[in-house]
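Let's take a friendly walk through a protein model, looking at how side chains meet. Keep the structure open as you read.

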Amino acid sequence: FSDNELSRLGLLVDDARDVMHTTSREMRREQALQDTYGERTLTGVKQGIEQEYEKLLQAAEEAGDAKKLARLEKNLGKDLKYVDTVRDMFLGTYGIPKDGVGVGINFSRYLRLFNTITLLPVSWLGNLTDIGAPALRFGVAEWARNIAPFVKAFSQNKKIANELGIAVESVTGQRAKLIMEGASDLNKTQQQGLNLWAKLSGMNLVTDVGQALGTRITINAWRKMFKNIDNLKPKDISRLAEAGIDKVSAMRINQQMDAHGKTTKGAFDPNVQAWDDDGARNIFENAIRNEIRSRQVFEPAPGDTPFIFEKADLYESGKMLGQFVKFMYGAQARWGMLGLQRADAEFLTGFFLMTSLGGLVATSKDYLRGKAIGEEEALPIILNSVDRGGVLGLIGMMPPAVHAVVTGERSGRYIMKEPWALAIGPTGEPAWRAIQSVAKLATGNGTENDAWRVIKSMPFINTMYAMDLLRLAQEGEGYRE
């Protein structure tokens, strides 16, 4: 390929800023690997595994146990492959196809792009529960105390969050990238397009609110803990430790807050730029960013999701399967499992708040689909509320999915047709009804209902329930009968 051809395909990076951005991202990934495992290649980890297996293999060989020897050799290969997979996940190289411009790969990516775009009008609904996420950490009482002052001084709270390095565009852009591409890096134009998508869809605004609110609540809750550091309950000590703050650090941070913090328009600003203790400032900034990005408004990270969702085999089919589910895996690990292990009052009250917000999301999606509101039974409402609250991740997703299969009612999770239903049309009973309608129309015995059914069955025609909503607008609720 010539440089012009590579540039046209988006494979040639000819902008110095892009080169610096990519290089810094790779360095951060390598540093994360170094911090976690003590080395950047994991060669030492693999050597340690091989040494452990060497003893076992030698013992099996001396005992003449051929079956055990074969099993150990097979397990050794799996363990070494797993280490390589972990390394590649950290470095962002796992799941990148060998033929990055093949027809199958491009089709898979365009289909994921289509799925992403069709979510644009309602994607902000899926992020609405981020606003309640701080309650999972500090309880509904702390959350409720901060809501009214937060709304009154939203701009000031947003400014404080941005000064602490909690910027909104990087999060929504990364979320959009994770939805569409998985492990593959995007070029500058693609990333700009996703950032625009995040703005148009309302994701930026909802994430802005969630991060700024989380920052305010976290700072106020931590200040109370800092001032009572000698008498903290074990659960509060654990919360600070999870964020990387010990007793000595808490005392240093509290001293800086008292000396330099200020309240503007009802919002307390730590004013970290004025702190004269650089160590305390670094600890606090890292802790608040870790708290918001890892436990409140987060995106899935390596280790949160099964490796199959990042694989490039079969034209990136794994990424298609995990396009949206990976966020459920992340919520299950960051919200559900951590909270269930603590099982304190704050998590339980936060869970009920998130469930209420989930009910609002599910009901809004039902309304946008043209479904009559207020006629649903209690069980599906409760199931969909727990699911769309997101706290339990896949655990909360399964009951409404089973209920939908058994009853034929769609789960409140969906505002649009699933990708496979869009691409191939209806399956099962709906497909059989469509075939019957085609036969009736072909023999001159069809009705208007048959015509509508056939049109709806065509691939991509009923995206976002467009045909259902069109008929609802034309004929009113009576068309359902």
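This is a predicted model: local features need pLDDT of at least 70, side-chain atom pairs count only at pLDDT 80 or more; totals for chains, interfaces and linings use all residues.

Together with Met337 and Leu340, Ile395 makes a nonpolar surface patch of about 250 Å².

## Rings that meet

A pair of aromatic rings is described by the distance of the centres and the angle of the planes. The whole structure holds six aromatic pairs. Take Trp222 and Phe226: their ring centres are 6.4 Å apart and their planes meet at 40°, so this pair is tilted. Both residues are in helix 11 (residues 203-227), and because they are four residues apart there, about one helical turn separates them.

Since Trp222 is in helix 11 and Phe284 in helix 14 (residues 278-295), the pair ties together parts that are 62 residues apart in sequence. Along with Phe226 and Trp275, these two residues form one aromatic cluster.

A ring can have a charged neighbour as well: the charged end of Arg223 sits over the ring of Phe268, 3.7 Å from its centre.

## Opposite charges in pairs

Side chains of opposite charge can pair when their charged atoms come close. How many salt bridges are there? The count comes to 17. One of them joins Lys224 and Glu142, whose closest N and O atoms are 3.0 Å apart. Lys224 is in helix 11 and Glu142 in helix 7 (residues 133-152), so the bridge ties together parts 82 residues apart in sequence. Lys224 is partly exposed at 46% relative accessibility, while Glu142 is buried at 7%.

Lys158 and Asp208 form another salt bridge, with their closest N and O atoms 3.0 Å apart.

## Within one helix, and a network

Asp278 and Arg281 meet in a salt bridge of 2.6 Å, N to O. They are three residues apart in helix 14, so about one helical turn lies between them. Finally, Lys235, Asp236, Arg239, Asp344 and Glu346 are linked in a network of salt bridges.

Terms used:
Residues are numbered from 1 along each chain as its sequence is written. Side-chain values use heavy atoms; hydrogens and water are left out. Patches are made of residues with over 30% relative accessible area and no salt bridge: like charges are joined within 9 Å, nonpolar side chains (Val, Leu, Ile, Met, Phe, Trp, Tyr) within 5 Å. Accessible areas come from the Shrake-Rupley method with a 1.4 Å probe; for residues, only the protein chains shown count as cover. A salt bridge is a side-chain nitrogen of Lys or Arg within 4 Å of a carboxyl oxygen of Asp or Glu. Rings of Phe, Tyr and Trp (its six-membered ring) pair if their centres lie within 6.5 Å; planes under 30 degrees apart count as stacked, over 60 as edge-to-face and the rest as tilted. Helices (H or I, at least four residues) and strands (E, at least two) are DSSP runs, numbered from the N terminus. A charge sits over a ring if NZ of Lys or CZ of Arg is within 6 Å of the ring centre and within 35 degrees of the ring normal. Buried means under 20% relative accessible area, exposed over 50%, partly exposed in between (1.4 Å probe, protein chains only).
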